[in-house]
Amino acid sequence: MSEETKNPITEKIESTKGGHFYKEIMKDFRIKESLHGCLNCGTCVANCPAAAFYDYSPREVCQMIIEGDEETIEEYMKGKIWNCAQCYSCKYRCPKENSAADIVMAMREIAVREGLAAEALAGYTRIAKLVLTRGNQLAPDMLSPDAFPDWGPRMIELSSKKMEMREELFEGFPGMNVVDRAWAAEDYTIYEMQKIWEESGALEKVGTVFPFLVDIVQEDMEDKAEEMEAKIQEKKEKLEASKK
Amino acid sequence: MSYEINDVKTGINHGKGMNYHVHDIRAEMKKLEEEGEIKIAHLIGPYKEEEVMYGIKKRVPLDMHYQHKSCGQCANLPGVPRSNFYYRDKLGIKYYNDMQQTSCTAWNYHASGLGNLVQLASVAARNWHRAYEEGYNFTIHCVTSFGNYLEMRHLLVGNKELRDSVKKVLAKLGRELVIPEEIIHDSEIAYALRDKILASADPKRLEGIKGLRAVEHYGCHFFKQVSDDIIGGKRPIVVGGLASTLGVQMEEYSKWFMCCGFGFRHILVNREFTRSAQNIKLKAIKQEVDPDMILVNCTGCGTTFDKTQWIQKVVGEDYHYPVVFYSQLAALALGAHPFKEAGLNFHVTPVEPLLDKMGIAYN
């Protein structure tokens, strides 16, 4: 690393003794880009919607990483990090170009990996399942009025008529008029997505919160593997040929 | 050439030895392309240059649009993708609505921490590769996807370790790393096409739009996550720019910057936060402007503004501001049926009073 690209703030922190969570956080390469010292000016807090309603502060997040105090980090990892709205207002306004939102994102990843996120992700099963089995993240069927009573009486009307309304709207647009997913992604596409999750190590991580989902995805992949791998092989050969 | 600006340096100094240079990421990409590290999906067909931060020019493709869809829009506000198709049909723009694309999975990532950077970047690169192999320019409907793809491009260009990991995953799919020359949100395209939309608009519809008063709200991931490659720079202009071209009177309000309260996870499991943030935004909008509509470009914000007005009755407020996406406004100007072609009947906050005011029949 050249003298010019060294970050004196994170260098200093790295040389101090830190606990397990702290060390895991510092392994994420985004931290170097997200922390350039902190003036404690509070500009981030003044702009933070989560700080307006929760016991959460982006200033505290930056100070916490600079201090490296394991107890405070653990407290954040177990609860407070889930209050952040990920709006990046802190990053936009910070005079030091810090990004507490990115630090929080690194911490959320670690919280999941370390098995600290079960409570925070309760109620998240349906989204996770859709991502891993359908190739997209939301479906009209999920927006049932009983799940969203605060969205008002018109939701009930929309929910009962959604099939015919969508049919009218998407006439002539194949793949768009579906209600169990956002659009009808092809089986091969879903398989590619699942393979990305598996190859990147992300699927294994899902197992720390939703172990049954890993079983579902692996069974789904096994069922399709022969046909899909043959297609991938064709694609590989085509790519190789194009390089020659 | 857009690369001429690259050598401009700022005086920003974050401490000993930390000099930050303002540079155009396109130049970094060009360098990596020359070294054989990445491929660039160069723009296909005509384009229009628009300014981003520091006067850097972003090239907006005007034809051959790969439609990278939004799962939130398709499921919840389907009138938005339909309007995106509609204005392209009317203007004779060729587009491709691919069923071999996946969601960007960034909503999931920011909400839950499930996934990791290699997964997120590989999903991005797989979708980019789909547009490349089909011969289209990659364009994006969703603001969450847009912010995510800007970030993934930044991380992939800046970090060899991540790049190598993603290349390995892509190789197992028979794909390669091809980064689009421009990461473009659909609202930036509609803005670049504003004069063409105006010229092709139905005069009767324009008469109805003229003088409507509106406020705009931009998704945080449109301009705060990665701020330096957005048309207009740090204060976005695309939605208001398009709307005012069509005759809408755009109004300012003090809370324009504030997050809508979507929060990725909050809209699902902590909606008391969402409702409280909305209360602050809506109160300012009502007291300072009391507009005919709220114009948006973001899936999450459109959902939040539309779905969270009714419940404000519990704190004694009565809000009824129709929420309209930039492309729905463009589609209406071009003559779209408000329900059958612009899908405004999928919105929970009633749009009928607005349509009455515009003189547009809906039954």
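This is a predicted model: local features need pLDDT of at least 70, side-chain atom pairs count only at pLDDT 80 or more; totals for chains, interfaces and linings use all residues.
Residues are numbered from 1 along each chain as its sequence is written, chains are lettered from A and ligands numbered from 1 in the order in which they are written, and side-chain values use heavy atoms, with hydrogens and water left out.

**B:Arg194 and B:Glu50.** I looked up this pair and found a salt bridge at 3.5 Å, N to O. The two residues sit 144 apart in the chain, B:Arg194 in helix α9 (194-200) and B:Glu50 in strand β4 (47-51); helices (H or I, at least four residues) and strands (E, at least two) are DSSP runs, numbered from the N terminus. I then checked burial, and both are buried (under 20% relative accessible area; exposed is over 50%, partly exposed in between; 1.4 Å probe, protein chains only).

**B:Lys357 and B:Asp292.** Here I read 2.7 Å between the closest N and O atoms of the salt bridge. B:Lys357 belongs to helix α17 (352-358), while B:Asp292 lies in the loop between α14 (271-288) and β13 (293-296), 65 residues away. B:Lys357 is exposed because its relative accessible area is 55%, whereas B:Asp292, at 17%, is buried.

**A network.** Last, I followed a network of salt bridges linking A:Glu192, A:Lys235, B:Asp98, B:Arg126, B:Arg130, B:Glu133, B:Glu134 and B:Arg175.

Definitions and conventions
A salt bridge is a side-chain nitrogen of Lys or Arg within 4 Å of a carboxyl oxygen of Asp or Glu.
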